[in-house]
Amino acid sequence: MALLERVGVTVNGPNPWDPQVRDDRLWNRILARGTLGLGEAYMDGWWDCEDLAEFFNRATGTKIKEQFRPTPILIWQYLKARLLNMQTLGRAKRVSKMHYNETAAYMATLDSRMTGSCAYWKGANTLDAAQEAKLDLICRKIGLKPGDRVLDIGCGWGAFMGFAAEKYGAHCVGVTISPDQAAYGKQRYAHLPVEFQVKDYRQFEGKVDHVVSMGMFEHVGYKNFRTFFEVARRAIRDEGLFLLHTIGSPNSIKMIEPWFEKYIFPGGVLPSIAQIGAAIENLFVVVDVHNIGPHYDKTLMAWFQKFDATWPRPRDAGEERFYRMWKYYLLASAGSFRSRHIHVWQFVLSTRGVPEGYETAR
């Protein structure tokens, strides 16, 4: 624990970010299962921490994960990521079943538009205002005009499409693999020129003026990065712009942390700048890139505050475990963004550059 002590973290210490051990079996569980064991032990109440986000902010800065010996679970995850495509058309459905089937939890967590990605807090004081600022920023970055047709890859519950149709007069089509998301969006935006298609992004057909994708690319899997951009290139007209909003890693990796793989983002991987660059070669030109990673720390903290205030108090062991899982997901993520261990990038991509020059909207 010397690494933790260097960043001011003391096991059973007095600070709010100090972990408090409730069950001494914790150490063997961590040795056997690494960071997966750490997260599952938290879910089971074997340790607690008053300020979980700050604990992870400090812990990720120490690169403490590198001190864990490879576990069988980690080795198996690595081999699967190297040898298999973890996001084939069939496997991609796991994301819908695992990540998006907790509709009640998302409704208790997200803003009133159900926007499931990083907000933009410049000039905003509330979660709703920050998410609308992000949606407006994206519309301005692609130069959206009335009557433009926009494809939203991984449209979620339709937050961007509803905003773009209401505020900019756009006609939107979105693809999602979640029937629940599509049903929600179709009902909410029935009065607007918004279309939901329940299908994998690789099955989309049609032409649009612009493409947008927010918080979807992390689910694609590194073996499908090129395919993702090929789909977008087929769909977009030559004069159009593609706004890609994605969490990113400073390093090129092939899998995510085991706890997140098991409980939150099955088959997901965070892309690096190098991986994105290779995947867009001869398809798109980067005309702008904007790092808004610090805004995700604030977004996740706002999500947790809303979830904690509105989620019914746990009544049995199963409900308590889910509450702790969701809390761990939100606050561990907040700490990782706070430490700049991971980032959020907004790329504006053009099929052949912008002849008159691109003026960024920020």
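Reader: How many aromatic pairs does the structure hold?
Author: This is a predicted model, in which local features need pLDDT of at least 70 and side-chain atom pairs count only at pLDDT 80 or more, while totals for chains, interfaces and linings use all residues. Residues are numbered from 1 along each chain as its sequence is written, and side-chain values use heavy atoms, with hydrogens and water left out. Rings of Phe, Tyr and Trp (its six-membered ring) pair if their centres lie within 6.5 Å; planes under 30 degrees apart count as stacked, over 60 as edge-to-face and the rest as tilted. The number of aromatic pairs is 33.

Reader: Let's take one of them: what is the arrangement of Phe217 and Phe228?
Author: The two rings are 4.9 Å apart, centre to centre. With 55° between their planes, the pair is tilted.

Reader: How many residues apart in sequence are the parts that this pair ties together?
Author: Helices (H or I, at least four residues) and strands (E, at least two) are DSSP runs, numbered from the N terminus. Phe228 lies in helix α10 (225-235) and Phe217 in the loop between β6 (210-214) and α10, so the pair ties together parts whose separation in residues is 11.

Reader: Are Phe217 and Phe228 buried or exposed?
Author: The classes rest on relative accessible area (under 20% is buried, over 50% exposed, partly exposed in between, with a 1.4 Å probe and protein chains only). Both Phe217 and Phe228 are buried.

Reader: And what kind of pair do Trp326 and Tyr329 make?
Author: Their ring centres are 5.2 Å apart and their planes stand at 75°, so the pair is edge-to-face. Trp326 and Tyr329 are both buried. They sit three residues apart, about one turn, in helix α14 (residues 317-338). To come back to your question, the kind of pair is edge-to-face.

Reader: Which residue lies over the face of Trp46?
Author: A charge sits over a ring if NZ of Lys or CZ of Arg is within 6 Å of the ring centre and within 35 degrees of the ring normal. At 4.4 Å from the ring centre of Trp46, the residue is Arg29.

Reader: What is the closest N to O distance between Asp44 and Arg29?
Author: Asp44 and Arg29 form a salt bridge with its closest N and O atoms 2.8 Å apart. The pair links distant parts of the chain, with Asp44 in the loop between α2 (26-43) and β2 (47-48) and Arg29 in helix α2, 15 residues apart. Asp44 is partly exposed at 33% relative accessibility, whereas Arg29 is buried at 16%. The distance asked for is 2.8 Å.

Reader: Which residue meets Asp288 in a salt bridge?
Author: The side chain of Asp288 meets that of Arg362 at 3.0 Å, N to O. Asp288 is in strand β8 (residues 285-291) and Arg362 in the segment after β9, so the pair ties together parts 74 residues apart in sequence.

Reader: Which residues are linked with Arg58 in a network of salt bridges?
Author: Arg58 also lies over the face of Trp17, at 3.9 Å from the ring centre. In the network, Arg58 is linked with Glu54, Asp297 and Arg338.

Reader: How far from Leu110 is Ala302, C-alpha to C-alpha?
Author: Leu110 is found in the loop between α6 (103-109) and α7 (127-141). Leu110 is buried, with a relative accessible area of 2%. Although 192 residues separate Leu110 and Ala302 along the chain, their C-alpha distance is 8.7 Å.

Reader: Last one: how many charged residues line the second largest pocket?
Author: On a 1 Å grid over the protein atoms alone, a pocket is an open set of points where a 1.4 Å probe fits, with protein on both sides within 12 Å along at least five of seven lines, and lining residues have an atom within 4 Å of a point. The second largest pocket is lined by 20 residues, with His210, Glu239, Gly240, Leu241 and Glu356 nearest its centre. Ala, Val, Leu, Ile, Met, Phe, Trp, Tyr, Cys and Pro count as nonpolar, Asp, Glu, Lys and Arg as charged, and the others, Gly among them, as polar. Its lining has five nonpolar and six polar residues, and the number of charged ones is nine.

Conventions
A salt bridge is a side-chain nitrogen of Lys or Arg within 4 Å of a carboxyl oxygen of Asp or Glu.
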